[in-house]
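Below is what I looked up, in the order I got to it.

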Amino acid sequence: MEQLINIMMVVILLTNLLLLGSSRLGTCIPALGFQGILLGLMLPVLLLSPEGISIHTLILVLISIPLRGLLFPWILFRIVKKTNIRREIEPFISYPVSIFLGMLALVLAFWMSSRLAGTPIPSLHPLMLPVAFYTILVGLILIVSRKLAINQVLGYIVLENGMYVLGIAFAGEVHLLLELGVLMDVFVAVFVMSIAIYRISREFSHIDVNQLQNLKD
Amino acid sequence: MENGLILWALLIIPFLGGFCCFISKVRFIQWIASIVIFSMLVLSGIAVWIIITVGSIEAAHGWLFLDTLSVYHIALLQIVFALASLFGKSYFPVEIAHKAFDPELLPRYGMLWFSALGAMNLVFLSNNIGIMWVGVEATTLLTAFLICIHVTSQSLEAMWKYLIMCSVGVALAFIGTMLVGAAGSNLKAGHSEALLWTFLYQNASNLNPFFMKMAFLFLVVGYGTKVGFAPMHSWLPDAHSQSPAPVSALFSGFLLSTAFYCIMRYLPLVEMATGKQGWAMEILVFFGLFSIMIAASFMVFQRDIKRLLAYSSIEHMGIMALGLGLGDIGTFAALFHILNHSMGKPLCFFSAGKLVQIYGTNSIYKIRNAMKITPVWATGFFLSFLALIGMAPFGVFMSKFQILKAAVSKADYISLIVFLFGCSIVFISALRYMLLVLYGESESHIHPQKAYKRDIFLVAFPMLVLLVLGLYMPEFLENILQKAANIIRGY
Amino acid sequence: MNVNFFIPTLFAVVFAPLILGIINRTKAFFGGRCGQPLLQLYYDLFKLLRKGATYSKTTTYIFRLGPMVGLVCALLATTLVPFGSQRPFISFSGDILLFAYLLGLMRFFTVIAALDTGSSFEGMGAAREVHFSALAEVAFFLGLISLVKITSFASFSEIYSTSFANLWDMKSIEMILIGSSFLIVLLTENARIPVDDPNTHLELTMIHEVMVLDHSGPDFAFILYGSALKLWVLGSVFVQTFWPIRSGCVYLDVLFAFLSMIVLGVIIGIVESTMARLRLLRVPQLLVAGAALSTVALVLTMR
């Protein structure tokens with residue numbers, strides 16, 4: 001069981017690297033969905049051995065896996081279809097450099113969690129904290145380094161995934177109501193952003209954020 | 001229990017109103033809005049009265065909670081919201097006549113408008129800091145489409161910046177929230193009360209100081225993005241300048257304060273956990289001064305009238321942060337300043353919005369001779385702007401003066417000098433255009449506009465409040481402010 | 001003196017060209033062809049050795065030195081890597097660095113020999129070779145460092161000691177990551193698909209092959225043999241990391257290792273038959289990804 005969780009954690013790390021290094025949305029979006037499914041499975045797998053799965057966890061899993069694993073990729077694929085943009089040609093930061101930044105972020109994430117390790121937090125697994133920080137950092141890198149609006153949404157979802165892991169790492173089982181509230185916010189955020197992208201693509205006939213610079217001082 | 005009902009009512013009625021707007025016909029919306037706004041005003045009045053007599057109330061097993069600090073904000077919010085909605089009545093008919101707004105979309109925007117109110121109320125009412133975060137994020141998402149009611153490329157750009165920057169910023173605040181939860185993990189709380197603010201407040205001195213410091217950094221940067229602290233402010237001028245005037249009035253008048261309120265809630269927790277050494281307050285002083293300076297320097301060469309006001313909002317948020325950071329009388333002054341700002345700034349945006357509507361341009365160089373064309377709104381713009389930059393008989397002057405006093409009594413002369421310098425730059429750069437806007441010769445042939453009674457009320461009410469507050473502080477208000485300040489000071 | 005110490009070198013010297021034969025046969029099988037004989041490279045080497053060399057008038061002694069130094073470096077490298085559980089001839093703490101730099105020196109001489117011809121094509125190939133191997137070296141070193149970190153030894157023979165197989169129980173994730181990164185390094189360093197196509201003869205896209213166009217006769221034989229040895233040593237490092245089989249008996253281990261090398265040849269053949277060569281611009285991305293895999297492994301071991 002321990003080994004299984006370890007493998008899940010490392011696979012989450014690797015999906016992050018894949019997201020950083022791949023230009024094709026056709027690769028990135030399924031990777032994101034895969035990451036979402038792994039995240040959804042993480043809590044039950046973590047809790048499986050000591051105490052069994054509670055109703056609370058079950059509800060959360062039943063909502064979060066379809067949401068993160070299926071609905072978000074579906075929404076993103078719809079945007080891809082509508083805007084007919086399949087890959088980002090020239091991001092602000094080129095793909096090899098993004099991967100390199102991702103490596104630095106990995107070191108940073110482990111350093112940060114080692115700083116926090118001495119203090120008393122009831123972490124369920126030693127790898128959770130670094131994975132959470134790393135996913136958050138990768139989300140931020142994605143948002144900052146990409147020009148396409150859809151990639152920023154992708155980065156936002158990655159960021160939220162990281163926050164979800166962080167929530168589990170810090171607070172263990174948070175109250176169901178709070179979890180559902182956060183999930184609802186994330187869902188609405190992705191929904192609103194996708195509508196926004198659709199409108200932008202209709203108005204500008206592109207979704208390149210770099211070219212949105214009418215408003216300046 | 002019956003006291004608890006009012007919390008539920010405050011929370012649910014706006015959402016209910018939003019839902020009714022969405023399903024109703026266009027011509028009924030006006031009535032729905034009037035009913036909701038009126039009942040919200042009455043309810044918040046009752047809530048203030050209850051809080052003055054009882055102290056604090058809670059409902060839903062302590063998940064909803066109201067004390068002096070939050071009831072003060074809630075009451076202000078309802079007033080600002082009512083004013084903004086009322087102004088919408090004199091703003092949108094003209095837009096519809098110009099074919100800039102499709103009345104068929106009214107139900108949809110009405111829903112967003114009232115739901116945004118509901119989300120802000122949720123922020124003030126929730127005792128769980130996680131739910132508070134959910135509320136702040138919800139306000140971002142619900143107000144995003146209000147920015148681009150006029151679908152232009154600029155407004156879409158502003159909306160996208162707002163959406164991405166605030167979502168990411170608020171996401172950082174979530175990390176801070178979780179860190180606060182982790183800081184309290186040695187308190188052995190169950191998971192329903194671990195994130196309750198009252199619980200954390202009672203046990204604040206036992207929270208892990210290292211975690212609280214980390215958390216506060218994330219929270220200030222995260223919620224600070226929404227407040228508009230420099231250097232996270234870049235979305236703010238865009239969003240304020242592109243959204244229609246009632247929306248920008250609500251944004252500036254209270255959306256920013258809503259995020260600021262969250263920081264206020266965390267300040268005593270961090271201060272008590274770190275042994276009241278003023279660590280967190282210094283951070284607020286830094287952000288406050290930095291925002292004042294950035295806002296002042298951008299106001300000097302600003303040509304867009306609404307962007308000018310947006311930068312003024314950044315400046316005022318900086319002043320509030322400065323007051324909170326100086327502590328003591330500064331805390332009181334910061335709270336007082338929120339009241340003054342949320343009276344003055346919406347009026348300023350109303351008048352500016354009207355001027356923009358009449359002249360058809362945002363450029364301050366093209367708005368001339370306003371006093372002749374629309375005397376009511378020109379007066380409103382002039383007076384509210386004078387009040388906001390700190391002219392003497394108005395309330396803003398008093399709160400700024402108290403912050404100065406706080407800085408002097410704390411012997412914090414750097415803050416004093418930066419604050420005075422920033423304010424004087426704002427003062428000069430704002431007055432620069434004022435006379436030209438009011439009296440300058442206009443080349444275009446714009447006919448003088450008719451003034452409604454509603455317009456006169458919208459101008460007179462905030463100005464009267466500001467004038468009264470500048471001359472005389474009612475005792476009950478002073479009590480409320482003092483009690484709220486004590487909550488922040490952690491007594 | 002124990003003769004067993006020469007086993008790793010002996011195997012390398014004798015069987016290195018065989019691996020290339022296996023790769024070619026696998027590719028031929030996938031292509032539905034009969035393919036060249038398994039021992040083709042041996043025939044080629046003998047043929048080349050019997051020929052005379054031609055030297056261009058513009059070249060200097062560096063051009064003649066290149067292949068010899070390369071071969072010597074490769075031979076020295078074979079004496080550093082254990083085979084199965086058999087310890088190599090030379091072994092000291094830090095020999096992994098010597099190993100990496102021997103390969104570096106070999107590449108350096110190949111590159112300056114290519115530059116010495118003054119041909120623009122060879123210069124281009126040299127530039128690409130240096131570019132890619134600079135990135136591959138990062139991945140290789142990070143992988144080696146993680147291995148050192150896991151085992152707390154800095155010598156190949158200590159790292160791949162008999163207890164190495166047990167590490168797979170505890171550190172399987174790290175091992176998979178390091179192994180994958182080594183595979184990328186192996187394919188890059190030996191100019192295989194997806195980085196470089198050894199069969200291509202279009203100078204614009206060639207990397208390694210283009211550098212050795214001007215070598216002939218025994219010099220070319222040295223180069224071919226040197227690269228076969230390089231493939232063998234890097235391959236055995238990869239094999240040792242990825243499936244270290246320890247039976248207890250040294251000779252049995254050696255036999256297993258030899259079989260593993262043959263399997264590796266088949267795997268490379270399959271990779272080459274199923275994948276397309278990456279565009280040149282995408283190669284750095286692959287290599288940085290390899291380095292990233294090593295970094296993940298390293299960071300995981302550090303915690």
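Predicted model: local features only at pLDDT ≥ 70, side-chain atom pairs only at ≥ 80, totals over all residues.

**A helix in chain B**

I began with α3(B), which bends by about 30° at Lys89(B), with a proline, Pro93(B), following within four residues.

Next I checked how far the helix runs. α3 of chain B covers residues 68-97, 30 residues in total. From its first C-alpha to its last I get 44 Å, close to the 44 Å expected at 1.5 Å a residue.

Is α3(B) mostly covered or mostly open? It's mostly covered, with 23 of its 30 residues buried.

I also looked at what comes after the helix. Lys99(B) follows α3(B), and its phi is positive, near 60°.

**A loop residue, Asn128(B)**

I moved on to Asn128(B), which sits in the loop between α4 (106-125) and α5 (129-147) of chain B. Buried or exposed? Its relative accessibility is 2%, so I put Asn128(B) down as buried, the cut-off being under 20%.

Then I asked which residues Asn128(B) touches, leaving out those up to four places away in sequence. My list has Trp63(B), Leu195(B) and Leu196(B), plus Leu178(A) from chain A.

Asn128(B) and Ile292(B) are 164 residues apart along the chain, and their C-alpha atoms are separated by 32 Å.

**Cavities**

How many cavities of 30 Å³ or more does the structure hold? I count 9.

α9(C) gives the most, with 5 residues. Sorting the lining by class, I get 5 nonpolar, 7 polar and 4 charged residues.

The second largest cavity holds about 90 Å³. Among the residues lining it are Glu129(C), Phe132(C), Ser133(C), Thr188(C), Glu189(C) and His208(C). For the second largest cavity, α5 (120-151) and α8 (172-189) of chain C are the elements that give two or more residues to the lining. α5(C) gives the most here, with 3 residues. By class, I noted 4 nonpolar, 3 polar and 3 charged residues.

Methods
Residues numbered from 1 in each chain as written. Chains lettered and ligands numbered in written order. Heavy atoms only, no water. 1 Å grid on protein atoms, 1.4 Å probe; cavity = no way out; pocket = protein on both sides within 12 Å on 5 of 7 lines; lining within 4 Å. Points joined across faces, edges and corners; volume = space filled by probe spheres on them. Nonpolar A, V, L, I, M, F, W, Y, C, P; charged D, E, K, R; others polar. Expected span 1.5 Å × (residues − 1). Bend = angle between axes of the 7 residues up to and from the residue. Buried < 20%, exposed > 50% of the residue type's maximum accessible area, 1.4 Å probe, protein only. Contact = heavy atoms within 4.5 Å.
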